[in-house]
Amino acid sequence: MPKFDRWIDRTNGLVITVHDTWATHITLASLEVTGESFRAKVHYRVQDHFGLDDTDVLNPLYREFRIFRLWFTLQRWNEYGYRPFITEMNATVEITGRRGE
């Protein structure tokens, strides 16, 4: 599954807003083969929740910061009705090439 944990992701906001993903669905939308060449359209649907999971809160770095412990607690407190914010990313990519590449 895709991860957004590169150094640049720490400054562009992806490490906080997405970081890991929870679901990835890849669909071959079309495939055309002509002689030795091909053209394919691939659709990616990636989902994540904006929040912390057990792995996040148990991370030795993050557990040192009170804000992450509070965030985790507030996110899961039954009285608030756990409803994470879902991020969904969709992209269709065209891939072309030749056999044997």
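Q: Which residue forms a salt bridge with Glu 94, and how far apart are the closest N and O atoms?
A: Side chains of opposite charge can pair when their charged atoms come close. The term salt bridge is applied here to a side-chain nitrogen of Lys or Arg within 4 Å of a carboxyl oxygen of Asp or Glu. In this predicted model, Glu 94 forms one with Arg 39, the closest N and O atoms being 2.7 Å apart. Because Glu 94 lies in strand β3 (residues 85-98) and Arg 39 in strand β2, the pair ties together parts that are 55 residues apart in sequence.

Q: What must be known about the numbering and the model before reading such values?
A: Residues are numbered from 1 along each chain as its sequence is written, and side-chain values use heavy atoms, with hydrogens and water left out. As the model is predicted, local features need pLDDT of at least 70 and side-chain atom pairs count only at pLDDT 80 or more, while totals for chains, interfaces and linings use all residues.

Q: How many salt bridges does the rule give, and which residue pairs with Glu 88?
A: The count comes to two salt bridges, and one of them joins Glu 88 to Arg 45 at 3.2 Å, N to O. Since Glu 88 lies in strand β3 and Arg 45 in strand β2, this pair ties together parts that are 43 residues apart in sequence.

Q: Is Phe 38 buried or partly exposed, and which residues is it in contact with?
A: Buried means under 20% relative accessible area, exposed over 50%, and partly exposed in between (1.4 Å probe, protein chains only). Phe 38, which is found in strand β2, has a relative accessible area of 29% and is therefore partly exposed. With contact taken as heavy atoms within 4.5 Å, and leaving aside neighbours within four places in sequence, Phe 38 touches residues including Glu 32, Val 33 and Ile 95. The C-alpha atoms of Phe 38 and Ile 95 are separated by 8.1 Å, although the two are 57 residues apart along the chain.

Q: Where is Gly 35 placed, and is it buried or exposed?
A: Gly 35 sits in the loop between β1 (23-34) and β2, and its relative accessible area of 56% makes it exposed.

Definitions and conventions:
Helices (H or I, at least four residues) and strands (E, at least two) are DSSP runs, numbered from the N terminus.
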